[in-house]
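Thanks for coming. I will take a few minutes to go through the pockets and then the aromatic rings. Please have the structure open while I talk.

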Amino acid sequence: MTEKQIIVGAAIIRDGSLLAAQRSQPEEMFGRWELPGGKVDPGEDELDALVRECREELGVAIRPVERINYEVTFPPRGDGSEAVLRVWTAELIGDAEPVALEHLALRWLKSDVLADIDWLPADVPFLDAIRPRLRP
């Protein structure tokens, strides 16, 4: 049996807004929105992976703040392996502005527009925990 793949996402909050990233690939996810992040590599700590993924995808340093206290299980993969998404709230370190290095676009969202975005299904369950931390 294969080990469960951990995927980490960053709910980066600045000035009461959440950073959302628009997917450029794969084709079935093209144009949909997500929280930045990615897979935890074998032997890698979750928080280290989160910091690495944000540096690679956005060109910024982040500080993870708090893990949202649940996870979303993805449908079984073709090989039968399992994957789960865990999301951490995070803040930017320094003055660097995030750049869409691997995405189509980035947007800062206030709480009143979270539901207007075409989110990937795995990210949606985390929005209720994130919303109270944002401005309307």
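The largest pocket in this predicted model has 29 residues lining it, and those nearest its centre are Ile7, Arg23, Met29, Glu34 and Leu120. Its volume is about 740 Å³. Which elements supply at least two residues each to that lining? Among them are the strands β1, residues 5–14, β4, residues 37–39, and β5, residues 61–73, together with the helix α1, residues 46–58. By type, the lining of the largest pocket has twelve nonpolar residues, ten charged and seven polar.

Next, the second largest pocket, which holds about 210 Å³ of space. Its lining includes the run Glu3, Lys4, Gln5 and Ile6, and also Val40, Asp41, Pro42, Gly43 and Glu44. Arg77, Ser81 and Glu82 line the second largest pocket as well.

Now the rings. The count of aromatic pairs is one. Tyr70 and Phe126 have ring centres 5.1 Å apart and planes at 5 degrees, so this pair counts as stacked. Where in the chain do the partners sit? Tyr70 is in strand β5 and Phe126 is in helix α2, residues 124–130, so to speak across the chain: the two are 56 residues apart.

One last item concerns a charge and a ring. Arg107 lies over the face of Trp33, at 5.9 Å from the ring centre.

How values were computed:
Residues are numbered from 1 along each chain as its sequence is written. This is a predicted model: local features need pLDDT of at least 70, side-chain atom pairs count only at pLDDT 80 or more; totals for chains, interfaces and linings use all residues. Side-chain values use heavy atoms; hydrogens and water are left out. On a 1 Å grid over the protein atoms alone, a cavity is a set of points where a 1.4 Å probe fits but cannot get out, and a pocket is an open set with protein on both sides within 12 Å along at least five of seven lines; lining residues have an atom within 4 Å of a point. Grid points are joined across faces, edges and corners, and a volume is the space filled by probe spheres set on the points. Helices (H or I, at least four residues) and strands (E, at least two) are DSSP runs, numbered from the N terminus. Ala, Val, Leu, Ile, Met, Phe, Trp, Tyr, Cys and Pro count as nonpolar, Asp, Glu, Lys and Arg as charged, and the others, Gly among them, as polar. Rings of Phe, Tyr and Trp (its six-membered ring) pair if their centres lie within 6.5 Å; planes under 30 degrees apart count as stacked, over 60 as edge-to-face and the rest as tilted. A charge sits over a ring if NZ of Lys or CZ of Arg is within 6 Å of the ring centre and within 35 degrees of the ring normal.
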